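Please look through the sequence and the structure below before reading on.

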Amino acid sequence: MTPMSSNLSWGNVGAHVAPLKNAAGAAIVAIGLVAALVGSLGASPVTAVRALVNGSVGSSPSLGQTVMITSVLALTGLASAVPFTARMLNVGAEGQLYAGAIAAIAVGLSPVADLPEPLPIVLLVLAGMVAGALWAALPGLLRAYLGANEVIASLMLTFVAVLLVDYATKSIWPSGLAQNTRPLPDQALLPELSSSTNITLGAPLAAVAVLCIWLVMKRGSLGFQIRATGLGVEAARMNGTPIARVWVLSFALGGAAAGLGGVVLVAGIHGTLIANGAAGLGFLGIAVALVARLNPAWIVPSALLFASLRVGGSALQVEAGISAATGELLVGVLVISLLAAGTLKISHQEAAA
Amino acid sequence: MSVSQLVFATGIGLMVPLLWAALGETITELSGTINVGVEGVMVLAAFATGYVYQHDGGAVAALLAAIAVGIACGAFLSFLYVRRRADQIVSGILFTAAASALALVLAQQDTTPTTIKSIPRLSVPLLSDIPWIGDVAFNQNALAYAALAAVPCTHYLMQHTWFGLHARAAGERPLVDEVAGVSVRGIRYFALTLGCTLVAVGGGTLVLSTAGTFESGIVNGRGFIALAVVVLARWTPHKAILGALLFGLSQALQFQARGIWGLSALPSDVLLMIPFVLAIFALVAGRHSRYPTAVGEPYRPRAEVGPNSQ
């Protein structure tokens with residue numbers, strides 16, 4: 001990337017310090033804004049911060065929860081990062097996650113679960129990834145071959161997926177409780193790795209997925225084509241890149257990651273399919289991808305940041321008496337401030353200017 | 001009323017918020033900015049409207065609250081999209097997420113008991129006596145008539161005024177504006193703020209024509225559907241009526257399905273999916289419609305770029 005070469009001369013050092021100053025300023029503004037809001041709601045910002053920290057890493061169950069949510073967020077982050085690199089704005093990771101979740105519950109509650117030991121889980125994971133990839137390929141196909149706007153199409157499919165989950169919990173696999181399906185049988189659950197933290201196989205699975213996508217993007221020919229398409233469609237086309245196919249595949253690759261996120265959520269965290277169980281984890285993936293600068297290598301730390309805010313946010317209600325949505329508000333304000341500061345960009349041309 | 005009359009009467013009611021939002025977004029997009037944060041503006045406006053209306057502010061004050069929210073959102077998004085040149089689609093989505101969270105935080109804070117009330121329906125003299133159509137179209141609330149009146153106003157503003165001409169230039173060839181001595185950014189600030197104000201009126205309508213209270217999920221994707229309506233209507237205000245009506249009717253089906261043969265057997269979730277699936281078809285149907293050339297591209301004035309670039 002360009003910063004490496006320009007670092008060679010001292011004259012350019014200032015140009016790299018300025019964005020960092022901007023980023024720090026943006027973060028301070030964002031935290032100040034939310035602190036002011038928390039204060040005006042009658043809670044002490046200090047209590048709120050303590051609740052955030054305690055709630056995310058303060059005890060082993062909450063630490064485990066943070067690890068598991070980090071896994072899901074890393075996967076939905078990839079679901080945005082890969083298509084974004086091709087300049088395909090996939091904003092429907094939430095729907096793709098649900099597609100994977102529905103496939104996982106369908107396999108887990110079917111006779112497949114009675115097969116010998118590793119098979120149910122292998123099939124469950126594969127089904128989730130395929131479902132996510134197909135759900136994501138739809139807006140990609142609509143864009144590549146029918147010229148429909150992929151942003152709106154992927155959003156609309158998210159609303160459809162949310163309603164499908166609602167239908168699945170109420171009518172296909174009802175449990176008697178309003179909000180969730182029958183629980184998965186034990187042999188269809190991702191095995192627990194540590195009982196004190198409830199960390200399951202989902203976390204290493206997510207790590208492997210991040211590694212695979214990092215390899216594809218940095219070393220694979222598909223990754224090269226995705227990056228080339230993102231840098232300039234016309235130049236890539238001249239060079240013989242099959243643009244339409246690259247668009248669809250970038251969507252499908254991202255969708256497979258989101259689908260795996262759905263599997264982790266259903267078979268590795270909840271043990272059942274819950275209506276609105278993702279509650280924004282897919283949309284949060286956009287923030288994860290942006291802060292990681294679309295680079296798979298930075299996805300995990302970025303996901304960890306947002307997962308702690310998210311998990312800690314749920315402690316706000318109990319400890320500071322303010323809505324758990326404050327955590328999400330902080331995330332939104334923080335990322336918007338970084339966008340306004342020019343720290344986060346998805347367009348390469350703009351970054352060079 | 002017969003079932004078909006009920007579907008159309010409900011559909012026209014549901015059309016109104018979409019129409020307000022689509023008109024606002026049409027103005028915004030024609031001037032070269034795409035605001036994916038429509039949903040977020042509607043959520044905040046709906047909250048403000050519900051808050052004022054429930055605290056005995058009256059319908060007019062409630063609507064003014066929505067307008068104030070629209071102007072504030074427009075000013076903020078202008079800063080973000082136009083001045084700071086942030087990626088419009090990504091920041092629009094994140095704005096929606098933050099706005100929804102903010103509305104939720106504020107709504108949970110307000111624990112006063114709510115009363116269900118909506119603004120009165122007004123029947124138009126003479127016209128409401130027309131046999132079938134009278135009950136359906138001419139017995140709506142004031143905001144519905146105002147939305148229809150806003151259509152020719154938007155058309156006139158965009159096609160026959162100084163502002164409209166330069167706004168469309170800012171959306172197609174921003175340099176033309178600059179050469180003519182008109183600030184592209186200034187035009188876009190104004191268009192985005194006006195657009196957000198109309199969108200906010202749509203969010204207010206949603207509250208005032210239903211239960212008169214804000215609840216989370218009240219907007220439920222309508223802001224995003226409005227984006228599809230704009231594409232389907234090809235940035236033309238009068239076609240936006242048809243587009244919004246189509247989606248209003250598709251949303252009305254879920255309320256009247258019991259009386260319609262063939263629909264009564266479908267699960268409610270499938271009925272709720274209809275508008276979203278329809279929006280995807282609308283995008284495909286509108287695939288030959290072209291977004292304004294410069295839409296989504298932040299403009300840098302020549303003075304700022306310098307003489308030697310490009």
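**Where the two chains meet**

In this predicted model, 45 residues of chain A are in contact with 42 residues of chain B, contact meaning heavy atoms within 4.5 Å. Together the two chains bury about 3,600 Å², 79% of it on carbon and sulfur atoms; buried area is the accessible area (1.4 Å probe) that two parts lose on being put together, summed over both. On the side of chain A, the residues that lose the most area to chain B are A:Met156, A:Leu163 and A:Ile336, which together make up 17% of what that side buries.

The rule finds one salt bridge across this interface, a salt bridge being a side-chain nitrogen of Lys or Arg within 4 Å of a carboxyl oxygen of Asp or Glu. The side chains of A:Lys170 and B:Asp269 meet in a salt bridge, at 3.8 Å from N to O. Four helices of chain A, namely α6 (118-146), α7 (150-172), α12 (281-291) and α14 (325-340), each supply at least two residues of the side that touches chain B, where helices are DSSP runs (H or I, at least four residues) numbered from the N terminus. The largest share of that side, 13 residues, comes from α7(A). By kind, the residues of chain A that touch chain B divide into 33 nonpolar, seven polar and five charged, with Ala, Val, Leu, Ile, Met, Phe, Trp, Tyr, Cys and Pro counted as nonpolar, Asp, Glu, Lys and Arg as charged, and the others, Gly among them, as polar.

One of these helices, α12(A), is mostly covered, since nine of its eleven residues are buried, that is, under 20% relative accessible area (1.4 Å probe, protein chains only). Among the buried residues of α12(A) are A:Leu281, A:Ile286 and A:Leu290. The buried residues of α12(A) pack against α4 (60-85), α5 (93-108), α11 (243-270), α13 (296-319) and α14 of chain A, together with α4 (88-109) of chain B.

Helix α4 of chain B holds B:Ile93, which counts as buried because its relative accessibility is 4%. Leaving aside residues up to four places away in sequence, B:Ile93 touches A:Val91, A:Leu155, A:Phe283, A:Ile286, B:Val36 and B:Phe224.

Residues are numbered from 1 along each chain as its sequence is written, and chains are lettered from A and ligands numbered from 1 in the order in which they are written. Local features need pLDDT of at least 70 and side-chain atom pairs count only at pLDDT 80 or more, while totals for chains, interfaces and linings use all residues, and side-chain values use heavy atoms, with hydrogens and water left out.

Definitions and conventions. Buried < 20%, exposed > 50% of the residue type's maximum accessible area, 1.4 Å probe, protein only.
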